[in-house]
Every structure is written in C-alpha cells, then in structure tokens.
Amino acid sequence: IKKTFAEVQTERLEQAERTILIKCPPKLNEKKLLQYLSSHGNIKSHFLFENRGIHALIEFSEKNSIASLQDAIGIPSAIEHHVVPFKSRLFTFMLKNPVSQAAEETPVHLSPQSHIPVKDLIQKLCHADSISSQMYILLNEYQLTEENIRLRFLACSLVRDFARAYFPDSVVRPFGSSVNTFGKLGCDVDMFLDFHDTQKRATKMKKGPFEMEYQMKRLPSERLANQKILSVIGDCLDNFGPGCVSIQKILNARCPLVKFSHQPTGFQCDLSVSNSIAIKSSELLYIYGCLDSRVRALVFSVRCWARVHGLTNSAPGNWITNFSLTVMVMFFLQKRSPPIIPTVDQLKVLADDKDMHVIGGYDCSFVSDLSKVKPTENTETLDVLLGEFFEYFGNFDFRKNSINLRKGKEVNKPESSPLYIWNPFEQDLNISKNVNQPQLEKFVAMARETAWILQKEDKTQRMINKEPWGLAALLIPFGKSNNSKMKNRVKGIGSETIRSLLDSLKLNSASSLQKAVEK
C-alpha cells in the first residue's frame with residue numbers, strides 16, 4: 001500500500017538523522033570499514049558512491065551510535081590550515097599503514113549518482129520491443145535511485161544541523177523534484193527551512209488566567225524576516241560548513257534564497273524559508289506520480305525529448321521549464337477519455353478534515369490518502385499516449401486557451417501571455433509567464449514534427465536497417481541524421497514556420513546535442 005506524502009517525508013528525514021557520510025581512501029576494504037563502525041552500533045544500511053573520490057553513506061539503527069562515533073573521532077591537525085572546529089556528520093576515513101593494508105583492498109560496488117549520456121540511452125532503447133518498454137527503460141535510467149534520494153535527505157539534514165544552532169525547532173525539508181517522484185538523477189536539491197513546529201506550539205497555549213510568550217524581534221514583513229534568517233544561515237554555511245562552496249545569497253528574488261554547492265554529496269542546493277504552497281505542489285505531483293505507472297514514464301520521456309531539442313534549459317530564460325512541461329503532461333492525462341488522473345477539484349472533493357489547508361488565502365485542500373482515489377479505467381498504452389500528447393499540443397489553441405489542472409479543461413486565457421498555465425493553488429499566477437512567443441512556436445513546431453514521425457514510422461524497416469526507432473528516433477536532434485528527408489517533407493507541408501525552424505535548428509542541433517551529451 002502506498003504511503004502518504006507526509007509519511008514518506010517524515011520517515012526519510014528521520015532516517016537522515018541517523019546517517020553519516022565518510023570520505024574513504026582509494027584503496028578500501030569495505031568489510032573492515034564496516035567492522036570498525038559496527039563497534040559504535042548496528043549499521044542498518046550503507047552504500048558507496050564516487051564523487052571526487054569514494055564516499056560511504058552509513059545509516060545506523062540508532063541515532064546515539066553517531067554520538068558514540070563522534071566521541072571517538074579525532075580533529076584534523078592544523079599544520080597547513082587552521083580548522084573551524086564545527087563537528088558535523090561528515091568524516092574522513094584513513095589507513096594508518098596504507099601500504100600493508102592496500103593489499104587487502106576488495107573491489108567495491110559503487111551506486112551511480114548520475115544518469116547515462118543520451119547517446120548511450122539511445123543504444124539501449126533500440127533493443128526494446130515496443131515504445132512503451134522504451135519509455136520504461138528511459139524512466140529507469142533517469143529516475144532518482146533509492147541511494148540518491150537518501151543522499152538528498154542527508155544534505156538537508158546536514159544543513160539543519162546549522163539552522164538548529166539558532167532555531168532548535170526548525171527542520172530543513174526538500175521539496176520539488178527531489179520528492180515529487182519526477183526528479184531525474186543530477187537535478188538540484190530545493191530545500192527550505194521550516195519553522196512550522198514553532199507555530200504549532202504557539203497554538204497549544206495553556207488554559208488558565210495567565211499567558212506567557214517569548215519576546216522576539218519584530219519586523220515589518222515576513223519577507224524581511226526570511227531575508228535576515230537566510231543571510232545568517234548562508235554566512236554560517238560559507239564560514240563554517242565543511243564542503244559548502246560557491247555560496248550566493250539571492251535575497252531580492254520573489255522568493256529569497258541561498259544557492260550553494262555541497263561538495264560531499266555533489267549536489268547544487270537552493271535553500272529558502274518555509275514555502276507551504278511549494279510543498280503542496282510537490283505533494284500533488286507525488287500523488288499523480290503514484291496513481292498510475294504511465295504518468296511518470298510519459299513525463300520523463302517528454303522532458304528528455306524537450307531537453308534534446310533545446311526546448312528546455314537549465315539556465316533561466318524564456319524557455320518552458322520542466323515544471324510547466326510536467327503540468328502540461330498532467331493536463332493531457334486529465335483530458336483522456338476516460339481520464340487517467342483526476343483533476344485537483346476532484347481530489348479536493350475526496351479530502352477529509354485533516355486534508356483541509358488554506359495557505360495565505362489560497363485553498364490547497366486535496367486528499368492525501370491514495371487509497372481513496374479510484375484507479376482509472378483507461379487502458380491506453382504508452383505508445384498511444386506519447387503520439388497523442390504531441391498531436392494534442394501540436395494542435396492546441398494557445399492563442400485562446402489556458403491549461404488548468406483544477407478543472408481539467410481548457411479555460412479562456414485571463415491575460416495575453418503566449419502560454420498560460422494556471423498555478424494549481426495560487427490561482428492568480430501563471431507558472432509559464434516566462435515563455436515568449438518564439439519559444440512557444442518552436443515547441444508547437446517540434447510537437448507536430450514529432451507526432452508526424454511517430455505516425456509515419458515503419459518500425460520493422462528501421463530495426464532491419466539498425467536505425468534508431470520509436471522513442472530513440474525522437475531523441476536525436478531533428479535535421480541531424482535525416483536532413484534530406486526532412487527537407488522533402490517540409491516542402492510537402494509548405495509551412496514557413498517549420499522551414500525557418502529547420503534552419504535555426506541546423507545551427508543549434510550540433511551545440512544542443514553536445515550540451516545534451518554533457519548534461
């Protein structure tokens with residue numbers, strides 16, 4: 001039975017509290033390391049990974065095992081550098097006599113922390129027997145592994161150790177792609193500082209004739225308070241945090257944040273202060289991702305396709321974001337007949353009292369218990385859904401209509417942005433406001449071209465010719481392998497937009513393939 005989003009979060013955060021990270025020597029005897037650590041307590045699980053050297057993530061059964069280990073550990077000698085004496089849960093394991101011990105090294109299994117390059121993926125996909133199985137292979141290669149998720153929660157937990165020095169009740173939680181089931185290996189870790197436990201305590205005031213409360217610094221706005229808190233935590237990480245580098249404070253953004261690189265885990269991190277609506281969006285996507293296995297397979301395939309063709313980009317700009325693209329896929333799945341996933345309004349009807357949440361005046365209520373949602377009766381295969389997705393958005397009336405997950409139907413655009421996607425909760429926000437007309441036109445042209453390729457493709461012929469087919473064929477920048485075919489086809493269509501698009505693609509495809517391969 002599927003756990004609720006909150007249960008998973010609580011469990012993972014608790015697990016992270018019992019976890020340490022150790023930098024290991026290149027010549028490592030895994031068994032001896034585990035033996036040494038076991039003297040401090042039972043090791044519940046562990047794995048090794050490569051990130052500027054070998055690291056071991058160790059989860060103890062009891063939190064106090066870490067304290068026992070910390071008592072037995074030395075402080076680095078300050079010969080060349082002076083050390084900041086902050087005792088974290090990051091350790092370095094060394095061999096006292098490397099030469100004699102090196103002979104005992106054993107081959108170790110390393111957990112991959114990044115996905116394979118697109119060109120290797122394409123080769124794997126060619127061996128599948130249907131587009132559906134290609135899509136599941138892609139999902140399998142790109143999705144976060146159990147190990148990678150643990151590492152993400154550990155990164156949050158290590159930041160929490162700093163926040164607690166000032167705010168003992170605070171928690172640092174991941175949100176977004178790390179927890180919504182749509183994260184791919186290598187994506188950033190979005191985390192926020194949560195003071196909600198502090199607020200919960202405030203409501204539990206004792207009854208009686210007296211009242212007591214803390215004296216606290218009062219500021220004119222929540223924003224200013226968040227900026228001050230983040231500024232100090234950012235300085236702390238910068239000055240004292242082992243392995244925290246490249247710290248940028250972006251305090252004047254719509255949502256103030258601190259960006260930093262966490263070298264021990266290898267993650268790029270964005271830290272903000274509690275954003276309950278963002279957590280609700282993560283939970284909504286988590287529910288959609290859990291309801292039907294086709295949902296995630298389709299999202300990952302569409303996002304990989306968009307990345308290869310330069311429709312999305314990791315740098316901020318006018319392109320469609322992964323979040324917008326994910327919402328477009330959800331909307332498409334709501335529009336199938338019968339629908340594959342329910343609308344947000346339908347999920348709200350199923351909510352009980354504990355699911356009722358109004359945050360900053362916005363209604364964020366929806367059911368959290370997955371077993372209350374009836375499974376879909378839709379049996380369409382992923383082969384069909386992939387083609388239909390491109391067909392649907394290739395012919396969508398973006399001039400007039402907007403995309404609304406609450407209603408699950410096209411609604412007139414409330415304003416003239418080229419692409420209007422309603423924020424599922426903050427109903428006056430367009431999550432795709434950044435997208436300009438040329439980017440939207442490029443998306444539409446690409447969707448049409450892709451739908452055309454899927455319809456016309458002769459799979460057997462391509463397999464005989466050892467050419468990429470199905471999803472694999474869509475992950476090669478168009479105009480790369482089939483330039484002449486493409487030109488003839490464009491003549492047939494006689495469409496100016498696609499012709500001019502092809503010319504721009506010729507320039508871009510080489511660089512975008514290069515970028516996609518490097519990603």
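Visitor: Which residues do ring pairs link into a cluster?

Guide: This is a predicted model, in which local features need pLDDT of at least 70, side-chain atom pairs count only at pLDDT 80 or more, and totals for chains, interfaces and linings use all residues. Residues are numbered from 1 along each chain as its sequence is written, and side-chain values use heavy atoms, with hydrogens and water left out. The cluster linked by ring pairs consists of Trp-305, Phe-332, Phe-389, Phe-390, Tyr-392, Phe-393, Phe-396, Phe-398 and Phe-443.

Visitor: How is a pair of aromatic rings described?

Guide: One states the distance of the centres and the angle of the planes. Rings of Phe, Tyr and Trp (its six-membered ring) pair if their centres lie within 6.5 Å; planes under 30 degrees apart count as stacked, over 60 as edge-to-face and the rest as tilted. The count by this rule is 21 aromatic pairs. Phe-332 and Tyr-392 form a tilted pair, with 6.0 Å centre to centre and 50° between the planes. Because Phe-332 lies in helix α12 (residues 322–334) and Tyr-392 in helix α14, this pair ties together parts that are 60 residues apart in sequence. Helices here are DSSP runs (H or I, at least four residues), as are strands (E, at least two), numbered from the N terminus.

Visitor: Are Phe-332 and Tyr-392 buried or exposed?

Guide: Buried means under 20% relative accessible area, exposed over 50%, and partly exposed in between (1.4 Å probe, protein chains only). Phe-332 has a relative accessible area of 1% and is therefore buried; Tyr-392, with 18%, is buried as well. Another pair, Phe-366 and Phe-425, is stacked, at 5.7 Å centre to centre and 20° between the planes.

Visitor: How should I read two packed helices?

Guide: They are described by the angle between their axes and the distance between the axes. Axes are lines fitted to C-alpha atoms, for helices over the stretch in contact, and angles run from 0 to 180 degrees between N-to-C directions. The axes of helix α6 (residues 131–142) and helix α14 (residues 382–394) come within 7 Å and cross at roughly 85°. That makes α6 roughly perpendicular to α14 (angles under 35 degrees count as roughly parallel, over 145 as roughly antiparallel, 65 to 115 as roughly perpendicular and the rest as oblique).

Visitor: Which residues make the contact of α6 and α14?

Guide: Ile-131, Ser-132, Met-135 and Tyr-136 of α6 meet Leu-382, Asp-383 and Leu-386 of α14, where contact means heavy atoms within 4.5 Å.
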